[in-house]
Amino acid sequence: MPKHRIFAMAFAKVYPMYVQKAERKNRTKEEVDQVIRWLTGYDQAGLERQIEQEKDLEAFFAEAPAMNPNSALIKGVVCGVRVEEVDDPLMQKIRYLDKLVDELAKGRKMEKILRQQD
């Protein structure tokens, strides 16, 4: 089966769309970065390096220092698909990130977005 074309898309092309979506709802670029860092384990310098080097989404997630173990707690629907039911591991990571940015744009509290336990 051929790879999905989104895997070859540069993270640097998707990132501004995440920021725009958040900013339209009065959230900040810093909050988008925080969500991405939480999910992937990148520090800010590593995240910026990925953007500068225009890594594709496949490389962006493959090179992520550590996916957050609480990412399995991300549930819900993105583009009509339940993120917890996505079979392809890379596509699931992309959908996790989409879902987190959606939650940010919808005004959800950061503690809830980052799945912080009580």
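The following exercises, each with a worked solution, concern a predicted model.

**Exercise 1.** Determine whether Glu103 and Glu111 are each buried, partly exposed or exposed, and place each of them in its helix.

*Solution.* Begin with location: Glu103 belongs to helix 5, which covers residues 89–105, while Glu111 is found in helix 6, residues 110–113. Next, take the relative accessible area of Glu103, which is 6%; because buried means under 20%, Glu103 counts as buried.

**Exercise 2.** Find which residues Glu103 is in contact with, once its neighbours within four places in sequence are left aside.

*Solution.* With those neighbours set aside, the contacts of Glu103 are Lys75, Arg108, Ile113 and Arg115.

**Exercise 3.** Describe the largest nonpolar core, stating which residues touch the most other members and which element gives the most to this core.

*Solution.* First, the core holds 33 residues, and those that touch the most other members are Phe11, Val32, Ile36, Leu39, Phe61 and Leu97. Second, two or more residues come from each of helix 1 (11–24), helix 2 (29–40), helix 4 (57–62), helix 5 and helix 6. Third, helix 5 is the element that gives the most, with eight residues. As background, nonpolar side chains tend to be buried together in soluble globular proteins.

Finally, consider Leu39: beyond its neighbours within four places in sequence, Leu39 has contacts that include Phe61, Ile74, Tyr96, Leu97 and Leu100, and also Asn68, Ser71 and Lys93.

Notes:
Residues numbered from 1 in each chain as written. Predicted model: local features only at pLDDT ≥ 70, side-chain atom pairs only at ≥ 80, totals over all residues. Heavy atoms only, no water. Helix = DSSP H or I, 4+ residues; strand = E, 2+ residues; numbered from the N terminus. Buried < 20%, exposed > 50% of the residue type's maximum accessible area, 1.4 Å probe, protein only. Contact = heavy atoms within 4.5 Å. Core = buried A, V, L, I, M, F, W, Y, C linked by side-chain atoms within 4.5 Å.
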